[in-house]
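Please keep the structure in view while I talk.

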Amino acid sequence: MTTVRSTFDTTLLESEERRALREAVGTLGRRYGRAYFTAAVRDGKHTDALWQEAGGLGYLGVNLPEEYGGGGGGMAELSIVLEELGAAGCPLLLLIVSPAICGTVIARFGTAEQKQRWLPGLADGSLRMAFGITEPEAGSNSHRITTTARRDPATGGWLLTGRKVFISGVDIADATLVVGRTEDARTGKLKPCLFIVERETPGFEYRQIEMELSAPEKQFQLFLDDVALPAEALVGDEDAGLLQLFAGLNPERIMTAAFSVGMGRYALATAVDYARTRQVWKEPIGSHQAIAHPLAQAHIELELARLMMQKAAYLYDAGDDMGAGEAANMAKYAAAEAGARAVDQAVHTLGGNGLTAEYGLASMLTASRVGRIAPVSREMILNFVSHYTLGLPKSY
Ligand SMILES: Cc1cc2nc3c(=O)[nH]c(=O)nc-3n(C[C@H](O)[C@H](O)[C@H](O)COP(=O)(O)OP(=O)(O)OC[C@H]3O[C@@H](n4cnc5c(N)ncnc54)[C@H](O)[C@@H]3O)c2cc1C
């Protein structure tokens, strides 16, 4: 497949090092390719071989600290990894969760023991961690989550009770970073807290949700009823849960943008290749502006979304959590819209072949919608921009 030329083919915008990373990850992704990914989905398998190889090459932990086996980079580097794997047809959803959310939170706020226990494995891919915040009753309103942790006076540990829904990759994750609440001893109010719950913890139950989604990573419901956790399961400081949570949510949005941009690029490149050669009148279909313009538009929108993603990563890596929050939301929004439109247009460009298993584009229609819903829906981002950026009043 021809690669669609990118305005990022310039070292002024991206350092030699990052371009080399882009190139190397792209080469790895193309070696596996779309066929590997779709075969894994079809056969109900996971994409472990690619995950392990990417981990061994240091790509999964590019954002994690060097002293724990990571690459010492940031979200700029990790988003390149996901974008390039996606552009090669292999978007690894768990990159959003394991190294980006969980790795970041543990690296920034975990105890020395937690860092030692988890970071080297998250970096080399030998350990994976899922992330659970969404609850059936709370949905987009995460202030309403009710998963609660009580101190267990008998052990000094915690008893965690609650329900979660749509949690990705629980079956292949060694642990799930669960967002719960503890009672503030002074005010009695519930405040958010993060707990590492290892998969084999007695009482930690999960059930797969049948999704109409063509992806190797599955979604699960979690059932926790007084699940006993050791005191060390709490990440960082009980009083700084909200800050710690936000530290993980910005990387999540940046990485979801990378997921959408990568997928959009793959679909666009497939469509462009097809439009160059498919001929039913005297010229290839790509010469008709009804076909060419929407593809050009998709390319522009993907490039713009990527620029915003780069801005968000730059701000986040520079330590500006607030500025990064706004940019990460905008990047996630823009990338999800651009990705979904690129996939839609790609399917249309291929005519009947857009719906064949051979070209494998139709299955991306649902996958490309994920970015519009998760981790935060497009409406909630529009709400955020309306209130926070534009200062408009709130309706809810
Ligand atoms: C494939 C997939 C993977 C996921 N992986 C994870 C994961 O690993 N971990 C995790 O914790 N969660 C995960 N999620 C959950 C995801 O974050 C939620 O689906 C998302 O936050 C939306 O919540 P909801 O589905 O309950 O929708 P709801 O909150 O019920 O919203 C439904 C609709 O109403 C709209 N809406 C709601 N409130 C407002 C409002 N105030 N103004 C305007 N519109 C509004 C929404 O935009 C949406 O369109 C995943 C979801 C999917 C689909």
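Lysine 394 is exposed, because 7 other C-beta atoms lie within 10 Å of its own, where exposed stands for 12 or fewer such neighbours, buried for 20 or more, and partly exposed for what falls in between, with C-beta atoms placed from the backbone. Before I go on, this is a predicted model, in which local features need pLDDT of at least 70 and side-chain atom pairs count only at pLDDT 80 or more, while totals for chains, interfaces and linings use all residues. Residues are numbered from 1 along each chain as its sequence is written.

Lysine 394 sits in the segment that follows α10 (378–389), helices being DSSP runs of H or I with at least four residues and strands runs of E with at least two, numbered from the N terminus. Asparagine 383 is eleven residues from lysine 394 in sequence, and their C-alpha atoms are 7.9 Å apart.

Now to helix α6, residues 241–277, whose axis comes within 7 Å of that of helix α3, residues 75–87, the two crossing at roughly 30°; the axes are lines fitted to C-alpha atoms over the stretch in contact, with angles from 0 to 180 degrees between N-to-C directions. That angle makes α3 roughly parallel to α6, a label for angles under 35 degrees, whereas over 145 counts as roughly antiparallel, 65 to 115 as roughly perpendicular and the rest as oblique. Among the residues making this contact are Leu78 and Leu82 of α3 and Ile254 and Phe259 of α6, contact meaning C-beta atoms, placed from the backbone, within 7 Å.

Where α6 packs with helix α9, residues 363–373, the angle is about 150° and the axes are 9 Å apart, so α6 is roughly antiparallel to α9. On the α6 side this contact involves Thr256, Phe259, Ser260, Met263 and Ala267, and on the α9 side Met364, Ala367, Ser368 and Gly371.

As for the whole protein, its secondary structure amounts to ten helices and seven strands. Its radius of gyration, taken over C-alpha atoms, is 21 Å, close to the 21 Å from the globule rule for 396 residues, so the protein is as compact as a globular protein of that length; the rule is 2.2 Å times the number of residues to the power 0.38. Buried residues make up 46% of the 396, and of the contacts with a separation of 6 or more, 72% join residues 24 or more positions apart.

Notes. Contact = placed C-beta atoms within 7 Å.
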